[in-house]
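Visitor: Could you walk me through this model before I set anything up with it?

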Amino acid sequence: MMGPRQEAQPALFCEFSLEDHVPPDYLLRSIDRFVDLSGIRAYLADFYSHAGRPSVDPELLIRMLLVGYCFGIRSERRLCEKVHLNLAYRWFCRLDLSDRVPDHSTFSKNRHGRFRDSELLRHPFETTLARCIDEGLVSGQRMAVDASLIEADANKQNSSPKEDWDARQINPADAPRAVREYPDVLDQAAFGAASEVQPKFTSHSDPASLCTAARKGPAFFGYSDNYLIDTDHGVIVDVEGEAEQKTIRGIVFPPNGSIRQAEAGSTKTMLRRVKARFDRHPERLIADTAYGTGPMRGWLVDRKIAPHIPVIDKSGRNDGTWTRADFEWDAENDQYICPEGHELKQVRRNYSDPTRGPTGKGTARYRALKEVCQACPSKAMCCPNADARKITREEHEDARQVARQIARTDQYVISMKPRKKVERLFAHLKRILGLNRLRLRGPCGANDEFLLAATVQNLRKLAKILPAPQQLGKA
């Protein structure tokens, strides 16, 4: 018989357990096994006062942030609402049904205060990485590096030409936080100091970001997110942020796209940090041509790191004449020897003015004697359209030669495949975690978001590779 629902008398006592309402295969339950925040309170002890009202537990704030970045909820207001309503979120954050969720303003106060002053957000990232190392997911032998463009929270319309906006005239009392941070990074290579060409436009809301048209569309402001990963399982071993600067239609920017010196500098920083904190020194580094500058290759070769990086070599010829590879390099005498046995030198006498001699930087040019080339029987195969043969030698040519030899090996062909793991991580970052546009402004805000996102990606990697053991149901 169909009838109205009978209103039962409410129970006087109610037993409710959040543990029973989180499915065993739920993502947060799998991730929770690898989250270790036990040392956070001791890490922040010097940044809290012993007087005043009780503070919000920093572990609770970090757990809430991990939930937000894991499910693409980066708005603190919306995150607080979700944690208040979702039972699984409450369980992960160690909140009972009657516990109060912190106010959204608490995140801003702690993020821009204690968390940033103590570099706390790097602590959970490194703790998670240490767990990956303990589980055998990071060998440290083969690493790959790449960068991806993330749009900044800055409107192109709210900008002005560089000469009309002087950072030295900023009043710290009236300027927003991102603007106050800008003078501190003016001399850093990652934020424009690596390039002599100045950007034409500066954002008023986030001046540290640089304008780009990398997506072949309207120009916008952005940052580069640099990942250094271990290619065994695609675990992120370090992350670094930098300003992005690329060519815009009608605006003269540095050629070659992004600032290569900045990308190389970020790579050096990440490799040094991984070596210092985890004693991991790769035997090879896999990257694309953006990281193949001469100084970067020389830096890697000096540290016994094989550069598995493509070489941009323009010394080849298409007319069938001898290329630079046909000439023998004599390092002891600083000269080339042609196939006919003649010498090509930079200088043939000592100059009293040292500025007229070789500088040792950039590109060196080696020349043969004109009378020797004119009488040479192989002139048609060497320099048919010139009076004498000239050969240029790039700085760090020895390191470039090492890279050329590596490019001929089977190991190099194998290395180009796991390099795509970095690109897959960036695709996951933007499509699954929703980090295709930053919400925080300034270089510190960008680094905070990159660290939290990388921490979540490593946690999800652990949960996927090391699933929780299945529990048998009760009979």
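This is a predicted model: local features need pLDDT of at least 70, side-chain atom pairs count only at pLDDT 80 or more; totals for chains, interfaces and linings use all residues.

Visitor: OK, how many helices and strands does the protein chain have?

Guide: The protein chain has 16 helices and 13 strands, where helices (H or I, at least four residues) and strands (E, at least two) are DSSP runs numbered from the N terminus.

Visitor: And what share of the residues is buried?

Guide: Of the 475 residues in the protein chain, 47% are buried, a term that stands for under 20% relative accessible area, with exposed meaning over 50% and partly exposed in between (1.4 Å probe, protein chains only). The chain exposes about 25,900 Å², and carbon and sulfur atoms supply 48% of that area, as computed by the Shrake-Rupley method with a 1.4 Å probe. Among contacts (heavy atoms within 4.5 Å) with a separation of 6 or more, 70% are between residues 24 or more positions apart.

Visitor: Let's do helix packing. At what angle do α7 and α16 pack?

Guide: Helix α7 (residues 122-134) and helix α16 (residues 442-465) pack at an angle of about 25°, and their axes are 9 Å apart; axes here are lines fitted to C-alpha atoms, for helices over the stretch in contact, and angles run from 0 to 180 degrees between N-to-C directions. That makes α7 roughly parallel to α16, since angles under 35 degrees count as roughly parallel, over 145 as roughly antiparallel, 65 to 115 as roughly perpendicular and the rest as oblique.

Visitor: Which residues of α7 and α16 meet?

Guide: From α7, R122, P124, F125, T128, R131 and C132 meet L451, A454, T455, N458, L459 and L462 of α16. The residues of this contact divide into seven nonpolar, three polar and two charged, with Ala, Val, Leu, Ile, Met, Phe, Trp, Tyr, Cys and Pro counted as nonpolar, Asp, Glu, Lys and Arg as charged, and the others, Gly among them, as polar.

Visitor: What about α10 and α13, how are they set against each other?

Guide: Helix α10 (residues 294-302) and helix α13 (residues 397-407) pack at about 75°, with axes 8 Å apart, and the two are therefore roughly perpendicular to each other. In this contact R297, G298 and V301 of α10 meet A399, R400, V402 and A403 of α13.

Visitor: Which residues of α13 are buried, and what covers them?

Guide: The buried residues of α13 are E397, A399, R400, A403, R404 and I406, and their cover includes α10, β8 (306-308), β13 (390-393) and α14 (410-415).

Visitor: Switching topic: is N110 buried or exposed?

Guide: N110, in helix α6 (residues 104-118), is buried, with a relative accessible area of 5%. Not counting residues up to four places away in sequence, N110 touches Y48, L61, F115 and R116. N110 and L61 are 49 residues apart in sequence and 8.8 Å apart in space, C-alpha to C-alpha.

Visitor: Last one, where is R94, and what is its phi?

Guide: R94 is in the loop between α5 (87-92) and α6, and has a positive phi of about 65° although it is not a glycine. R94 is partly exposed, at a relative accessible area of 46%. E119, in the loop between α6 and α7, also has a positive phi, near 55°, in a residue other than glycine, and E119 is exposed, with a relative accessible area of 51%.

Note on methods
Residues are numbered from 1 along each chain as its sequence is written. Side-chain values use heavy atoms; hydrogens and water are left out.
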